[in-house]
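Hi,

Here is the model I promised to pass on. Have a look at it first, and my notes follow below.

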Amino acid sequence: MTAVEWQIVGFTVWVAALSTVMILPFGLALAWALARANWPGKSLVETLITLPLVMPPVAVGLILLEVFGRRGALGGLLHDRLNLDVIFTWRAVLLALSVMSAPLLIRSARVAFEEVNPRLEQIARTLGAGGWRVFFTITVPLAARGIVGGMLLAFARALGEFGATIMVVGYMPGKTATISLAIYENVQIGEDARAYRLLAVSVVLAFIAVWGSEFFLRRKKTA
Amino acid sequence: MSLRLKNISLPLADFVLEVDVEMHGRVTAVFGPSGAGKTSLLDLIAGLRVARSAFIQLDGSVLTDTAKKFSRATHRRGIGYVPQDLALFPHLSVRQNLFYGRKAREADGPSVSFEHVLKVLEIEPLISRGVTELSGGEKQRVALARALLASPRLLLLDEPLASLDVPLREKIIPYLGRVRDEFQIPMLCVTHDRFVALTLADEIVVLMGGKIMQTGPVSDVFNFPANAEVARFVGVETLQPGRITGVNEGLATVTINRVTLTALAPATPADAVFICIRGEDVVLQRDVAVSSVRNRLPARIIAIRPEGALFRVELDAGFTLFALVTRPACDELGLREGDSITALIKTPAIHLVPR
């Protein structure tokens, strides 16, 4: 493995981990709202968050390109107000990974929240605990295995993301190159040995993440 | 304690829970069959459910008033709740469960001493264990202690013995009695168990099909049920339809099939009545002697069945009549199925309810 290859692996792991952490607060809040409450538009939101799982990733990438490009609704706003560019920067990688992996976290966390006996939360409230205390001392600990399992699944998905990422950043070695982008690029230019080395690292990382996720999700079912 | 439940209306799956009652007992039993709306009523008091309409007031402080769109948050009500499934937090140790409610009230300063609760409920040896390692009875005591340690103004108990087998029930009852006697915390206990109501409560509210059938001191409800449904549920052994044929000086003459009985006249005038006779109020006698008892009925023994420490004797006295007698009494009288015997029932022991 060359220094460049290690840099690609390091960047990929870092950005996948960061995207997982970033989607956590929003993902947990949304998963809880879907599991515990009935509200108007709930089924629409459920459908929307599932879309990235079934749509072609390049299509999702195209949507992100349109929305976060300089002429896009949000991208223009960020550029004009904060002088912040998203597309073709590492932030775009983070955005693509977050959007593509969030559904896995939200779905796992939602199931985990649904499996927490609501009576426990109710009784915690009769013991004087307010909403946040109940959430962090009863709900989250009891759903922890499902949440961690979902985080690992999301992380694994982020590690392997390709279609959306290539649309929003392209391949820029040392700046935005992730393992999947680098494998594709190296096969294109005939650097097969480099592509296979990155493939091996990719398999090992994905195996660890998926195995870890299965461990937590399965233990939850048998606990 | 004064708990006012006014204008309560909560639609449930099969009926609407409609309650209008005031409770003042140290321990009030909400007594009724499964599916009568008892747990829903506790949930309303604790603020865990929202009623179509409700006014709930505890010792002068309003907890819910739907007319004014007011509902105090559950965690600010100061109402302890021990649900039927106990709801111990499985990821916390016994100690952490016990401290859960106590922590939330540190600012107020808990009025129930930790050591006192541990002593009364004998929890000291359990404190470092995980809740999944506890037996059913131990879990019950920990759940009770956890609720007490939050120093509630009112403690709600939902079927406190329902999940326990008979030997465990007998062990837990004294603990509940101790909690009643040691802590100045009023209790509202939901139960369908006559034994619990009789042992713990001083006031009873009979709830059936979402409606309150009767309220009052426990002895009144058990001895003078308001109607046939309540009589059946409180376990009146003999419940037969009859007809009042005359009333004279406060005494009613009642016929049941072709048998005539003398009973105290009911407060509400009625012709068609149900005749309620408790098994322990029926005396069996071999030789007919002169006595003050007005109702002496020649009868034949149909069946003798053991019932706890007693025997339930089924008699044909022109109608089906049940007597409860002890084993020594049964042996002394030499009771056998098919025997002829005289059943004696004092006039005040026959309770008439309108049909």
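In which sense do strand E10 and strand E11 of chain B pair? Antiparallel: E10(B) (residues 203–208) and E11(B) (residues 211–217) are joined over six bridges. Two strands count as paired if DSSP finds at least two bridges between them, and helices (H or I, at least four residues) and strands (E, at least two) are DSSP runs numbered from the N terminus. Within this pair, Val206(B) has Gln214(B) in E11(B) as its bridge partner. The two strands make a hairpin with two residues between them, and Gly209(B) in the turn has a positive phi of about 55°.

Before the rest, some ground rules. This is a predicted model, where local features need pLDDT of at least 70 and side-chain atom pairs count only at pLDDT 80 or more, while totals for chains, interfaces and linings use all residues. Residues are numbered from 1 along each chain as its sequence is written, chains are lettered from A and ligands numbered from 1 in the order in which they are written, and side-chain values use heavy atoms, with hydrogens and water left out.

Now the interface. Chain A puts 18 residues into the contact and chain B puts in 23 residues (contact means heavy atoms within 4.5 Å). About 1800 Å² is buried between chain A and chain B, with carbon and sulfur atoms giving 64% of that; buried area is the accessible area (1.4 Å probe) that two parts lose on being put together, summed over both. Arg119(A), Thr126(A) and Leu127(A) supply 37% of what chain A buries against chain B, more than any other three residues.

There is one salt bridge between the chains, a term for a side-chain nitrogen of Lys or Arg within 4 Å of a carboxyl oxygen of Asp or Glu. Arg119(A) forms a salt bridge with Asp43(B), with the closest N and O atoms 3.0 Å apart. On the chain A side, helix H6 (118–126) and helix H7 (131–159) each supply at least two of the residues that touch chain B, and H6(A) gives the most, with seven residues.

One more spot: His351(B) sits in strand E21 (residues 350–354) of chain B. His351(B) counts as buried because its relative accessibility is 15%, the cut-off being under 20% relative accessible area (1.4 Å probe, protein chains only). Its side chain reaches the backbone oxygen of Pro225(B) at 2.8 Å. Pro266(B) is 85 residues away from His351(B) in sequence, yet their C-alpha atoms are 7.7 Å apart.

Cheers

Terms used:
Buried means under 20% relative accessible area, exposed over 50%, partly exposed in between (1.4 Å probe, protein chains only). A polar contact is a pair of N or O atoms within 3.5 Å; within protein, one must be able to donate a hydrogen and the other to accept it, and residues adjacent in sequence count only if both atoms are side-chain atoms.
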